[in-house]
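Have the model open as you read.

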Amino acid sequence: MGARLVVAPETAVGNAGETKESGVVLLPSFADIANKHGAYLVTSYYKKDGDKFFNQGYVVAPDGKPVVGHKKVYPAKPEVDNLGVVAGNEVVVADTEVGKLGMLICKDGFNKNSHFLYEKLGELGAEIVCIPAWSIGWKEMNTQEYVRNLYTYGAFASRTFVLMSDCINKSFNSYGRSLIVSPIRGVLQEGSVDKEEILVQELDLDEVKKAREFDSWWQPKERII
């Protein structure tokens with residue numbers, strides 16, 4: 001399809017048991033895929049780093065080298081309780097030939113502190129925020145709209161394109177609905193809840209520039225309350 005940037009769902013490579021017990025390094029095989037297809041590739045996997053265990057995300061360039069590394073800042077409760085995942089504490093942005101890329105992972109993008117991550121990515125000059133995700137729903141309450149709307153909000157808050165890639169696994173309440181969101185036009189494409197799909201979209205990064213120029217005079221100068 002000619003895609004130059006591909007975002008796969010969260011933990012699309014490897015499995016937690018394998019990496020936690022053996023410490024196997026998955027980045028080389030991940031890099032081989034990016035190199036083989038000549039595209040920037042984004043996903044995350046569970047990674048052992050010394051005596052700590054992270055949900056580690058990467059943006060890997062077509063030459064196989066990682067240009068963005070992101071440790072999930074807000075791991076889900078089962079990750080912490082069952083796997084011992086440790087939280088990361090920063091976001092980074094890399095200037096690439098397809099734009100200035102940043103990254104979040106799943107829950108990073110839909111909790112009460114997400115605004116500050118989106119705001120930081122905007123301040124760092126990100127144009128595209130890639131978000132591998134795993135689930136947008138729970139048995140206790142249908143949260144699909146809540147999660148979807150917070151990812152959409154993130155595009156407007158950060159003044160970036162948001163590319164969220166989710167998976168479909170109903171036994172684990174993973175309902176797809178992958179998103180491509182513009183900082184001006186909102187949701188451009190959305191996946192279904194029950195079909196395997198690939199969303200493809202050409203992005204006009206001038207939308208990011210226009211949105212930020214608009215903000216330069218429209219936003220209030222200081223916080224009142």
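## A ring pair across the chain

Tyr151 counts as buried because its relative accessibility is 0% (buried means under 20% relative accessible area, exposed over 50%, partly exposed in between, with a 1.4 Å probe and protein chains only). This is a predicted model, in which local features need pLDDT of at least 70, side-chain atom pairs count only at pLDDT 80 or more, and totals for chains, interfaces and linings use all residues. Residues are numbered from 1 along each chain as its sequence is written, and side-chain values use heavy atoms, leaving out hydrogens and water.

The structure holds 5 aromatic pairs (Phe, Tyr and Trp rings, the six-membered one for Trp, with centres within 6.5 Å; planes under 30 degrees apart are stacked, over 60 edge-to-face, the rest tilted). One of them joins Phe110 and Tyr151 edge-to-face, at 5.8 Å centre to centre and 80° between the planes. Phe110 is buried too, at 6% relative accessible area.

## Other rings

Tyr46 and Phe53 make a stacked pair, 5.8 Å centre to centre with 25° between the planes; both residues are buried. Phe214, Trp217 and Trp218 are linked into a cluster by ring pairs.

## A patch on the surface

Met1, Ile198 and Val200 make a nonpolar surface patch of about 380 Å² (patch residues have over 30% relative accessible area and no salt bridge; like charges are joined within 9 Å, nonpolar side chains, meaning Val, Leu, Ile, Met, Phe, Trp and Tyr, within 5 Å; areas come from the Shrake-Rupley method with a 1.4 Å probe, and for residues only the protein chains shown count as cover; a salt bridge is a side-chain nitrogen of Lys or Arg within 4 Å of a carboxyl oxygen of Asp or Glu). Met1 counts as exposed, at 80% relative accessibility.
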